[in-house]
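Subject: Structure handed over, with notes

Hello,

Here is the structure I said I would pass on. My notes on it follow below.

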Amino acid sequence: MVLEKVKEMLAERLGISADEIAVESKFADLGLDSLDTAEMLMNVEEEFGVSVEADPEMNTVGALVAKLESLVNKA
């Protein structure tokens with residue numbers, strides 16, 4: 001569920017199909033710069049009701065989804 005929602009949010013932001021976004025997709029490869037990524041994190045926080053710390057290691061869709069799943073499961 002988290003993966004599908006993140007892909008949907010990214011696809012809408014980027015104007016592409018969610019099918020074009022893979023778990024291993026890097027945000028930079030999708031065309032997101034650091035400002036875009038920060039804005040996306042704020043949207044994700046609002047959508048899932050959690051606080052996500054910006055982390056340079058969290059640079060793929062899969063890394064973001066894993067972090068979100070761990071935060072959502074704690075709540």
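The expected span of a helix is 1.5 Å times one less than its number of residues. For the 14 residues of helix 3 that gives 20 Å, and the end C-alpha atoms of helix 3 are 20 Å apart, so the two values agree. Please keep in mind that this is a predicted model.

Helix 1 passes the same kind of check. It covers residues 2–14, and its 13 residues should span 18 Å at 1.5 Å a residue; the end C-alpha atoms are 18 Å apart, which agrees. Gly15 comes directly after helix 1 and has a positive phi, near 70°.

Overall fold

The chain has three helices and zero strands. Along the sequence the pattern reads α-α-α. The radius of gyration is 11 Å, close to the 11 Å from the globule rule for 75 residues, so the chain is as compact as a globular protein of that length. Along the principal axes, the C-alpha atoms fill a box of roughly 30 × 25 × 20 Å. Of the 75 residues, 35% are buried. The accessible surface is about 4,700 Å², and carbon and sulfur atoms account for 49% of it. Taking contacts between residues at least 6 apart in sequence, 52% join residues at least 24 apart.

Core

Which residues have the most contacts inside the largest nonpolar core? They are Val6, Leu10, Val61, Leu64 and Leu68, in a core of 21 residues. Each of helix 1, helix 2 and helix 3 supplies at least two residues of this core.

On helix 1, the buried residues are Val2, Val6, Lys7, Met9, Leu10 and Ala11. They pack against helix 2 (34–48) and helix 3 (61–74). Val6 is an example: beyond its neighbours within four places in sequence, Val6 is in contact with Phe48, Val61, Leu64, Val65 and Leu68.

On helix 3, the buried residues are Val61, Gly62, Leu64, Val65, Leu68 and Leu71. Their packing partners are helix 1 and helix 2.

Ser70 is also in helix 3. With a relative accessibility of 33%, Ser70 counts as partly exposed, because that class runs between the 20% limit for buried and the 50% limit for exposed. A polar atom of the Ser70 side chain lies 2.8 Å from the backbone oxygen of Lys67.

Loops

Ser25 sits in the loop between helix 1 and helix 2. The Ser25 side chain reaches the backbone nitrogen of Ala22 at 2.9 Å. Leaving out residues up to four places away in sequence, Ser25 touches Glu20, Leu30, Asn59, Thr60 and Val61.

Thr60 belongs to the loop between helix 2 and helix 3. A polar atom of the Thr60 side chain is 3.0 Å from the backbone nitrogen of Ala63. With residues up to four places away again left out, Thr60 touches Val23, Glu24, Ser25, Lys26 and Phe27.

Ala54 lies in the loop between helix 2 and helix 3. At 65% relative accessibility, Ala54 counts as exposed. Between Ala54 and Thr37 there are 9.0 Å in space, C-alpha to C-alpha, and a separation of 17 residues in sequence.

Helix 2

Asp36 is a residue of helix 2. Not counting residues up to four places away in sequence, Asp36 touches Arg13 and Gly31. The C-alpha atoms of Asp36 and Arg13 are 9.3 Å apart, and the two residues are 23 apart in sequence.

Regards

How values were computed:
Residues numbered from 1 in each chain as written. Predicted model: local features only at pLDDT ≥ 70, side-chain atom pairs only at ≥ 80, totals over all residues. Heavy atoms only, no water. Helix = DSSP H or I, 4+ residues; strand = E, 2+ residues; numbered from the N terminus. Buried < 20%, exposed > 50% of the residue type's maximum accessible area, 1.4 Å probe, protein only. Contact = heavy atoms within 4.5 Å. Polar contact = N/O pair within 3.5 Å; in protein donor to acceptor, adjacent residues only side chain to side chain. Rg over C-alpha atoms; globule rule 2.2 N^0.38 Å. Areas by Shrake-Rupley, 256 points an atom, 1.4 Å probe, with all protein chains shown as cover. Core = buried A, V, L, I, M, F, W, Y, C linked by side-chain atoms within 4.5 Å.
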